[in-house]
There are 2 protein chains.
Amino acid sequence: MKAQMAKTMEIPQEERRLEKQLCFAVYATAHAFTRAYKPILDKVGLTYPQYLVMLVLWEKAELPVKTIGEQLDLDSGTLSPLLKRLEQTGLIKRTRDARDERQVIVSLTPKGRSMKSEAATIMTAIGQAAGCTLEEMAEIRGSLQKLRGNLNAAV
Amino acid sequence: MKAQMAKTMEIPQEERRLEKQLCFAVYATAHAFTRAYKPILDKVGLTYPQYLVMLVLWEKAELPVKTIGEQLDLDSGTLSPLLKRLEQTGLIKRTRDARDERQVIVSLTPKGRSMKSEAATIMTAIGQAAGCTLEEMAEIRGSLQKLRGNLNAAV
DNA sequence: CACAATTAAATTGTACGCAAGTGAATTTCG
DNA sequence: CGAAATTCACTTGCGTACAATTTAATTGTG
């Protein structure tokens, strides 16, 4: 009874504002990150989502599209054209898996591999821009991971 | 001397992972929020950014495009087509300001105003999906606002 | 007053992000 | 074994994001 009532119960004004601020805070911070990365990534000719793909590949130089999608929470509708652009700029190579012709294996080219050394420069710059201590960063990250888990579970 | 060295100092492996996780955590949580909102917003025929614009207008029913852009951190390149769609669905009206013909005043139609009552339903659903206490939500929001401020200041 | 600088919104072009649909390869199961 | 279901990547269509440009209106300055 009580649980059912909660569903239809009026939200206090206070809570409305708070909810609004949290979803918007995440939305706006994501944009702020993208903008902060942009001048740095422009120098190496990457967009922010492309940089995330490269981060994944710098950890493991050869992965199927599906795995990259799972790690970044992106589907092939987003990744296919993005990977095509990374291939055109010569950072990655795409080959059909001989053992499973449905799969496409994405691998780093020498040029893509050598770019890994620039990752440290990029991270230093962003780390300074964020202006948080390691502890703060870890705490926010942890909270967001929990929040994201909840949201994904709800869908 | 020391400060200058910090700029070129090598980042420990630990910190690299952490930084990666924070920027990605924000990025992925933003997507998770959009996805969590989607089934709910589909019912009222709004996208998530359109919902944010409506939230702003439900607070103040009449605003110039520029002000909406400042509150949501979006430029006219994003807002112009978005507002055009909201006008086509009959939720808002756009009129040139007579006192300054450069400005366009966005205002709620009766239909747009009446939709405000659905905001509470939407927020309840998302609040439950987020599965956080009010304290947690407030804490994350606060951290993100600080982080966003730092990132914006750096650009 | 006049003309340069500034401002507001819209437009253009590029790149996501995602739903829905397509086509080819593989798996499952009757 | 072989048809049906599933899986993987690609494509299409729509809606953001944002840089850069354009157009019109206003402000600032000489």
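The two copies meet through the same surface, because 100% of the interface residues of chain B are also interface residues in chain A. The model is predicted: local features need pLDDT of at least 70, side-chain atom pairs count only at pLDDT 80 or more, and totals for chains, interfaces and linings use all residues. Residues are numbered from 1 along each chain as its sequence is written, while chains are lettered from A and ligands numbered from 1 in the order in which they are written.

The contact between the chains draws 50 residues from chain B and 50 residues from chain A; two residues are in contact if their C-beta atoms, placed from the backbone, lie within 7 Å. On the side of chain B that touches chain A, two or more residues each come from helix H2 (13-44), helix H3 (48-59), helix H7 (116-130) and helix H8 (134-154) of chain B. H2(B) gives the most to that side, with 20 residues. Helices (H or I, at least four residues) and strands (E, at least two) are DSSP runs, numbered from the N terminus. By class, this side of chain B has 30 nonpolar, 10 polar and 10 charged residues. Here Ala, Val, Leu, Ile, Met, Phe, Trp, Tyr, Cys and Pro count as nonpolar, Asp, Glu, Lys and Arg as charged, and the others, Gly among them, as polar.

One residue of chain B illustrates the contact. B:Met137 is found in helix H8 of chain B. Leaving aside its neighbours within four places in sequence, B:Met137 is in contact with A:Leu18, A:Leu22, B:Ala130 and B:Cys132. B:Met137 is buried, with 21 other C-beta atoms within 10 Å; the term buried requires 20 or more such atoms, exposed 12 or fewer, and partly exposed a count in between, with C-beta atoms placed from the backbone.

Chain A has 8 helices and 3 strands, and from the N terminus on its elements run α-α-α-β-α-α-β-β-α-α-α. Of the 155 residues of chain A, 28% count as buried.
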